[in-house]
Amino acid sequence: MIASEVRALFAVASRPEVVSLAGGMPNVSALPLDTVSAVMADLVTRQGAVALQYGSAQGVESLRESVCEVMALEGIAARPDDVVVTSGSQQALDLVAKVFLDPGDTVVTEAPTYVTAISTFAAYQARVAHVPMDGDGVVPEALAEVFGRLRAGGRPAKLFYTVPTFQNPAGVTLTAERRHRVLEVCRRAGVLVLEDNPYGLLRYDGEPVRALRADAGRDHEVVYLGSFSKTFAPGLRVGWALAPSAVRDKLVLAAESAVLSQSPLTQLVVDRYLRTQPWGDQLKVFREMYRERRDAMLRALAEHMPPGTTWTVPEGGFFVWATLPEGLDAKAMLPRAVSARVAYVPGTGFFADGGGRAHMRLSFCYPPPERIAEGVRRLGDVVAGEIALRGTFGVTGAGDGRGPQSPGAELP
């Protein structure tokens, strides 16, 4: 088991004088907390005997019905029987790893990928093989090449784990044309797709992106992970997995051994809120708020970052992926950034092989726009200082830090 670089930053980033561009914490202050309080009070009054009792490891049926309606917004036709409610989508990821992975198995992921997915797969003693991305998401031809190389080496891929929409950490979205090709590559290789989609409904303009699971044929399966952490409240810890019936049964057994049952109270709170409140309007509030913060970060980056710095332009979600000028090392630079009262996550946390030193993830979801602008200004000063040091003393072992699989300047 390995520590998450993001979690290691929390103690420092939570200090009030530090502008944290590190953690991807949703801004729950945009929720109507008085309404949420009233929903919870009414629920306990009317259904307390059920809400405070043990429940099913698969989850409350009415919530599973509501989850199917939520997934329909992304083109997914699903049955409540195939939904397993979990304690956030993180538990769903852990349960899938528990069911499918044996020591020495190989999971293929995008490069970079979600930091806690790496630690989850490592906890089950699986190997992680990366496949490169560009501005349109994972490259299908590269994915096929990785599958073939692993098969030829006697370690065929067990899973392909992907965050295809507003990816964490890169912020890029897999294009519609590539989605069909990725599914075909996985189908031909006989590799199960694990689609993690916590940000899909947070698209700033236009309709939600169609999920991979929506286009998966009957001859090939996709296990889909969803969450209410980003679109409602992370503290309730309600997520889910949509899986084929044979996989669903194993996930339920794994959930029973882990927690006996999920919390009926938090499940019923989410379900009651979805059924009685204008959740669609609340999503619009979140999207507008995060779009304003994204725009504030992009303006500040353009104004304050030295030449040679590049970054992605996300269409939704929480993150910008920045690439430093040649020769700089984001991990080595972090202590100096914290001293300048700004925090970010160095790119090394998102690679299983230690790559990504030239990159950093910048989160814009939590600070208000003026704090984002100030944080980026401080960060720009730190980067400029690093460039000056490099000019004076030269590069001292950082190299370009990118490695062969790291998405860099080719990202828009």
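Because the model is predicted, local features were considered at pLDDT of at least 70 and side-chain atom pairs only at pLDDT 80 or more, whereas totals for chains, interfaces and linings use all residues. Residues are numbered from 1 along each chain as its sequence is written, and side-chain values use heavy atoms, with hydrogens and water left out.

Helices (H or I, at least four residues) and strands (E, at least two) were taken as DSSP runs numbered from the N terminus, and two strands were treated as paired if DSSP finds at least two bridges between them. Five bridges join strand 11 (residues 319-323) to strand 14 (residues 359-363) in the antiparallel sense, and Phe 319 has Ser 363 in strand 14 as its bridge partner.

The structure holds 22 salt bridges, a salt bridge being a side-chain nitrogen of Lys or Arg within 4 Å of a carboxyl oxygen of Asp or Glu. For the residues involved, buried denotes under 20% relative accessible area, exposed over 50%, and partly exposed the range in between (1.4 Å probe, protein chains only). Within helix 9 (residues 264-276), Arg 275 and Asp 271 are four residues apart and thus separated by about one helical turn, and their side chains meet in a salt bridge with an N to O distance of 2.9 Å. Arg 275 is partly exposed at a relative accessible area of 45%, whereas Asp 271 is buried at 5%.

A salt bridge also forms between Asp 329 and Arg 357, whose closest N and O atoms are 3.0 Å apart. Asp 329 lies in the loop between strand 11 and helix 11 (330-339) and Arg 357 in the loop between strand 13 and strand 14, so the pair ties together parts that are 28 residues apart in sequence. Asp 329 is buried, with 9% relative accessibility, while Arg 357 is partly exposed, with 30%.

The side chains of Arg 336 and Glu 386 meet at 2.5 Å, N to O, in a further salt bridge. This pair links distant parts of the chain, with Arg 336 in helix 11 and Glu 386 in helix 12 (residues 369-393), 50 residues apart. Arg 336 is partly exposed at 41% relative accessibility, and Glu 386 is buried at 11%. Elsewhere, Arg 79, Asp 82, Arg 248 and Asp 249 are connected in a network of salt bridges.
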